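Here is a briefing on charged side-chain pairs. Please look over the sequence and the fold before reading on.

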Amino acid sequence: MSMTVRRRAGTDEPGRQTFLPMGSPRGRQLFWLFMLIATSLVFHGQACAARRPNVLFIISDDLNNSIGCYGHPKVETPNLDRLASRGVRFERAYCQFPLCGPSRNSMLCGLHPNSTGILRNSQIFRQTIPSHNSLPQAFRLEGYFAGRIGKLYHYNVPKSVGTNGHDDPGSWELELNPAGCDRLEEEPHIFSLRPGQFGGTLSWYASPKSDQYHTDGLLAADAEWALERCARQKDRPFFLAVGFYRPHTPYVSPKPYFERYPEREMPVVRGVKEDQADLPAPALGSYKKEQDKLTDDLRRQCVQAYYASITFMDAQLGRVLDALDRLGLADNTIIVFTSDHGYHLGEHGLWQKMSIFEESARVPLIVAAPGTGAEGGVAYDPVGLIDLYPTLTELCGVKAPKNLQGQSLVPMLKDPNATGRGWAITQVTRNRSKKQGGPFFGYSLRTPRWRYTEWENGEQGRELYDHDADPRELTNLARDGAQAETMAKLSRQLRGAIRQTFPASGKTPQLRPALWAPNLTHP
């Protein structure tokens, strides 16, 4: 056996190679030195990979803050509560657009909807900004295993359940799309305000089948399987995204969850007409005509079904968290839990989403990052879903695009009393005929104390709510002369925030007619 070594300059001809027999003392020394260095490099690489945190990214569909750890007096969410005890709960977290598609594209791109160009459902950012790297794609490009189970980008729920929906093929290495009895068997039994229509209208069903037969139960089982696979490959970190469908309509969950919430005890919002008296028309623009059919009995049944769906989803979350602990992955895994937007249950006379009141714009957000030292903390500074991209890339040492528009939440994870940007902004569209000027926007700015909203630059109305005195946003102070100075200040702040939602060009990207040809590394 022999070894090739290169002589030092000046001791032999330039570039000349000298062969030393392994039997010689010098040859053996060089061989073992070489092996030591090579072994050290291998172990160093494995150690670096092992030290990079994993990410378990969990999102629930259409979930508001009716959660135990957020102070709800009725809804049982023991698994979300225990997750909050091991991480930081963000009290004032907001979506950037209260609709699934725009919100999810914004969150997973780290860009405001005015910069993604996605302002409605059934679209994907590759149609507008195809070269942008999504959050999971950024992790893939640095060697992470990235998998998706269920809904992360937009789906037409329930019809697209069991498919890839409006997904991005560049974001994932693994895609799992289970469909359970709620999608494949039970739709004929679902009550709906519009018979046969489920996804966009109030609809519900107490299923006789147990958890494991439902789509979210299958999602939890798939997540357990994926985590077991990740646990076996210890030298490769993972970014696993789990998208539960509940409590999105139809509110289908096993009957025992309904029984936890007796119908007669469900709340019904009162004083709606008085509340609506000081509101501009666009503020109520998300109301649907079929909701005129709601009686108090139906309202109670609807709330019962929504609460039941939350507790059912929470139980499936618990299975995923248990698997993470059981497999020894928890100590090196960052867990994120959130929703794509909030949800109305009769407040202001509204149901579902697409408003920019607190109930629709606010989302639950819990981040448990091992080693940050603020377990069980609560952060009160306003934040947005747009902030998750820069936060996770910083925590994991992953390279992020330079054009991200969110802030890192790492300082708040280390000290929940830390402050950041100090505000969050949410926008929404309102339809109007072309003859009347076409669609227009409403923008709402949320600060620690105030919510200030302008519809079409204030031409279609303004709203001002003092959360210190009016957390339910029942009294619009926009016409209160005593608040003129506050209004002027917040209007300037809102205009400045709106400017920051656009790309450097100042123009929202337009949808392109051509399909995106998938390219992982150079999209």
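This is a predicted model: local features need pLDDT of at least 70, side-chain atom pairs count only at pLDDT 80 or more; totals for chains, interfaces and linings use all residues.

Residues are numbered from 1 along each chain as its sequence is written, and side-chain values use heavy atoms, with hydrogens and water left out.

**Overall count**
- The whole structure holds 32 salt bridges (a side-chain nitrogen of Lys or Arg within 4 Å of a carboxyl oxygen of Asp or Glu).

**A buried pair and its network**
- Lys-151 and Asp-61 form a salt bridge, with the closest N and O atoms 2.7 Å apart.
- The pair links distant parts of the chain, 90 residues apart: Lys-151 is in the loop between strand 6 (145-150) and strand 7 (174-176), and Asp-61 in the loop between strand 3 (54-60) and helix 2 (78-85).
- Helices (H or I, at least four residues) and strands (E, at least two) are DSSP runs, numbered from the N terminus.
- Lys-151 is buried at 0% relative accessible area, and Asp-61 is buried at 0%.
- Buried means under 20% relative accessible area, exposed over 50%, partly exposed in between (1.4 Å probe, protein chains only).
- A salt-bridge network links Asp-61, Arg-104, Lys-151 and Asp-340.

- Arg-300 and Asp-297 meet in a salt bridge at 3.7 Å, N to O.
- Both lie in helix 10 (residues 296-326), three residues apart, about one turn of the helix.
- Asp-297 is partly exposed at 46%.

**A loop-to-loop pair**
- Arg-421 bridges to Asp-387, with the closest N and O atoms 2.9 Å apart.
- Arg-421 is partly exposed at 23%, whereas Asp-387 is buried at 0%.
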